[in-house]
Amino acid sequence: MIIKHDVVIVGAGLAGLRAALEASRNYDVAVVSKLFPTRSHSGAAQGGIAASLGNVEEDHIDWHFFDTVKGSDYLGDQDAIEYLVNDAHPAIYELEHMGCPFSRTPEGKINQRKFGGHTKNYGEGPVLRACFAADRTGHMILHTLYDQCVKNNVRFYSEFYVTDIIVKDNIIRGITAYDMEGGEYVAMHAKTVMFGTGGYGRAFKITSNAHANTGDGLGVVLRAGLALEDLEFVQFHPTGVYKYGILVSEGARGEGAYLINNDGERFMEKYAPKLMELAPRDLTSRSIQTEIDEGRGINGENCVHLDLRHLGEAKINERLPEIRSFCRKIIGIDPVEEPIPIEPTAHYSMGGIPVNVDGEVLADGKSQKVEGFYAAGECSCVSVHGANRLGTNSLLEAVVFGRRAGKTMVKFLNAKGVDKADLPEDQVKASFDRIEGFKTRTGEEKVGTIRKELQQVMMTKVGVYREEKGLKEALEKVRSLEKRFEKIKIDDKGMKFNTDLTEALELDNLLQFAELIVSGALNRQESRGAQYRRDFPKRDDVNWLKHTIAVKKDGKIQYDYKPVVITKFQPQERKY
Amino acid sequence: MIQVKVKVYRFNPENDQQKPRFETYTVEADPKDKVLDLLHRIKWEQDGTLAFRRSCAHGICGSCAMKINGANMLACEANLKNFKDPTNIIVEPLQSLPIIKDLVVDLKDFFKKYEIVKPYLINKTPPPTKERFQSPEDRQLIDEATWCIQCASCSTSCPSNWKNPNFLGPAALLKSYRYNFDSRDEGTAERIHVLDTNDGVWRCHTIFNCVEACPKDINITWHISQLKKKLVSREY
């Protein structure tokens with residue numbers, strides 16, 4: 001079956017839906033998602049979305065600009081960051097006009113709270129910048145955008161799992177997908193394709209991410225021979241629920257929660273005396289891991305405490321109700337009465353599909369565009385987050401750059417018309433054959449076992465702290481898992497809702513780019529942002545103030561680099 | 001560790017020979033495990049053909065609603081220690097919807113009803129350059145209704161819905177409340193005709209099953225009653 005649309009967007013999180021909304025004002029738009037749209041993981045974002053609105057106290061676009069650059073450990077591209085912080089204002093007011101139920105100040109404005117690394121006057125102290133809806137900010141924006149897409153008659157293909165992009169002569173032709181409910185493989189023929197496919201937390205054992213977050217977009221792009229950028233930068237969020245990884249928003253610390261070790265100390269005063277618990281995530285995660293490694297974890301275990309008790313029940317219920325709810329239901333702890341045991345959890349990918357500020361995908365990571373192919377949100381790398389993302393800048397990036405990509409697609413279609421280049425049948429067939437091929441593999445390896453081993457090695461050797469020996473072992477392990485993956489056995493041979501098959505396809509993607517994460521971490525011989533090498537503990541601007549571009553040719557990884565765009569803020573030592 | 005007998009509803013649409021049936025699996029579990037953990041262990045270690053939906057695993061995405069020991073809940077939140085007998089668990093798909101495969105139900109009709117209530121802000125007044133103001137009190141009025149994750153636990157537990165499939169159902173009506181009671185909205189007159197019918201709010205007979213089933217603890221019946229009140233008092 002071939003489905004035709006002007007615009008096909010893959011992924012129904014904030015980036016995908018915001019772009020769909022923009023393009024659906026002029027063109028026929030389809031959104032393809034392996035979940036139902038409101039199940040997308042953007043909905044799990046809790047704490048807020050950044051904009052220097054100054055609704056509660058003085059704030060400036062330039063302060064937000066500086067904080068984001070400094071937070072990125074100077075690897076963020078400053079031209080892109082300027083768009084991020086400027087467009088934040090119209091993008092958030094638009095969400096409000098669409099009906100997004102933000103929490104309000106007494107005079108009825110959008111309320112704002114503190115968040116890690118967001119400061120007043122270029123680093124003086126925390127500032128109230130994160131626009132929020134209690135601790136359900138992502139949920140509220142996601143549902144608002146979905147509702148607006150319903151209004152605009154966006155066509156949704158839910159539970160369609162994307163398998164490949166079809167590119168020929170450097171022009172995008174469409175995608176292939178597996179229609180889970182219908183039980184068939186489908187080709188979608190489109191003039192423009194956008195990816196908003198999200199992150200890959202499920203490459204790690206402890207993660208805040210949903211089971212669906214397997215970085216499928218990155219696997220697809222890599223298979224098509226396109227480049228990926230800065231994959232070595234993986235954010236570990238400081239406060240994942242111990243053993244579960246579930247996110248406890250930085251908003252909790254924004255409201256005043258403490259981090260406490262086994263000696264009862266607020267240990268952040270040793271690491272970030274000025275910002276304390278509101279230091280950026282890379283620094284805070286390292287601080288927690290150091291406390292644990294040096295024996296000050298709670299009762300010697302791999303966790304410290306996040307203490308909300310002094311905030312009081314009323315404030316917790318008003319500002320952090322969802323956190324209270326899942327703590328009680330899932331781990332059986334009421335944060336009103338007990339501190340929450342937490343550990344760093346794999347959370348966000350700073351790297352991804354290289355794009356320019358208009359969302360156009362760059363095949364070589366630098367200048368060569370793929371006509372009609374766009375990406376935005378976590379799967380992309382603009383790069384506004386550089387080596388470390390600030391909290392609340394991810395929802396912002398998804399909305400701002402989803403919006404920009406939507407506008408770019410409209411401009412492109414206005415200029416070029418909607419007549420599509422041919423969809424090459426041989427490429428479609430090859431893609432279908434590849435999927436079907438998974439079902440006929442004859443080994444005895446289990447997808448679940450290989451995935452578990454991958455997650456384990458990524459967590460222990462490619463985590464908060466890294467070093468050459470461990471990274472080399474991890475690389476060897478990932479490569480051996482790739483070999484074993486060739487001998488998997490899929491129990492389910494049917495066509496209808498075959499999640500046995502989709503889990504194998506997901507694992508194939510995970511293995512492909514996990515190799516890039518590990519080898520990128522090994523390749524980058526410095527410590528910057530979320531990449532910390534014990535054997536190279538210093539930032540090295542002379543050799544490494546540059547983005548990594550990686551492609552896979554004939555199974556081998558090839559590296560290239562591109563300079564960081566620096567317009568206003570020169571790199572300096574990063575202290576908080 | 002405990003041994004749990006998990007009895008799972010199975011249905012494969014591609015195998016005509018097999019009628020819907022229950023299959024029982026024995027799973028090793030920690031008493032603090034959730035039912036979703038058990039389903040994963042079955043799928044990953046024993047039988048890859050088992051189909052069910054899930055994603056976030058902490059109660060915010062709404063994918064894994066199913067019937068567990070007779071009650072609708074999210075499998076990711078269904079803590080073994082909360083069951084009278086945690087060693088015997090029965091898992092079935094949400095009641096009253098067509099079954100696609102095993103625990104996966106067809107939600108097309110559920111979401112069609114969602115679209116019928118015009119689930120979006122309607123405001124024809126051009127917006128200001130900044131935000132529209134809304135008082136914390138006005139915001140509070142819609143708060144509970146915005147918690148909904150569209151998991152379908154409520155609508156599939158509603159006897160009025162079982163009896164009358166055309167009933168809009170609690171989830172769509174809750175969504176209708178969310179926009180009709182938003183102080184920024186001007187669309188009630190456009191939305192009212194689908195509510196003020198036998199298949200709209202009046203089919204709700206205040207049975208409260210939806211409230212019991214809701215994993216987000218939303219008092220859905222109260223919200224539907226507010227819609228009824230709005231209709232009878234013509235406050236629109």
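Figure 1. The C-alpha centres of domain 1 and domain 2 of chain B are 29 Å apart. The model shown here and in the other figures is predicted. Domain 1 of chain B covers residues 2–105, and domain 2 of chain B covers residues 108–232.

**Figure 2. Where the domains of chain B touch.** Domain 1 of chain B brings 13 residues to this contact, and domain 2 of chain B brings 11 residues. Between them the two domains of chain B bury about 960 Å², with carbon and sulfur atoms accounting for 57% of that area. Between domain 1 and domain 2 of chain B there are 0 salt bridges, while 3 residue pairs are in polar contact, both residues of a pair being at pLDDT 80 or more. On the domain 1 side, strand β4 of chain B (residues 71–74) supplies the largest share, 3 residues. Sorted by class, the residues of domain 1 of chain B that touch domain 2 are 7 nonpolar, 5 polar and 1 charged.

**Figure 3. The contact between chain A and chain B.** Chain A gives 59 residues to this contact, and chain B gives 67 residues. The buried area between chain A and chain B is about 5,200 Å², and 51% of it comes from carbon and sulfur atoms. Within chain A, the residues that lose the most area to chain B are A:R39, A:H211 and A:K329; together they make up 15% of what that side buries.

Figure 4. How many salt bridges cross the interface of chain A and chain B? The rule finds 9. One salt bridge joins A:E181 to B:K108, where the closest N and O atoms are 2.5 Å apart. Chain A and chain B also have 38 residue pairs in polar contact, counted where both residues are at pLDDT 80 or more.

**Figure 5. The side of chain A that touches chain B.** Which elements of chain A give two or more residues to this side? They are α3 (78–97), α4 (137–151), α10 (321–331), α13 (447–461) and α15 (499–523) of chain A. The largest share, 9 residues, comes from α4(A). By class, this side of chain A holds 22 nonpolar, 18 polar and 19 charged residues.

Terms used
Residues are numbered from 1 along each chain as its sequence is written. Chains are lettered from A and ligands numbered from 1 in the order in which they are written. This is a predicted model: local features need pLDDT of at least 70, side-chain atom pairs count only at pLDDT 80 or more; totals for chains, interfaces and linings use all residues. Side-chain values use heavy atoms; hydrogens and water are left out. Contact means heavy atoms within 4.5 Å. Buried area is the accessible area (1.4 Å probe) that two parts lose on being put together, summed over both. A salt bridge is a side-chain nitrogen of Lys or Arg within 4 Å of a carboxyl oxygen of Asp or Glu. A polar contact is a pair of N or O atoms within 3.5 Å; within protein, one must be able to donate a hydrogen and the other to accept it, and residues adjacent in sequence count only if both atoms are side-chain atoms. Helices (H or I, at least four residues) and strands (E, at least two) are DSSP runs, numbered from the N terminus. Ala, Val, Leu, Ile, Met, Phe, Trp, Tyr, Cys and Pro count as nonpolar, Asp, Glu, Lys and Arg as charged, and the others, Gly among them, as polar. Domain bounds come from an automatic or database domain assignment.
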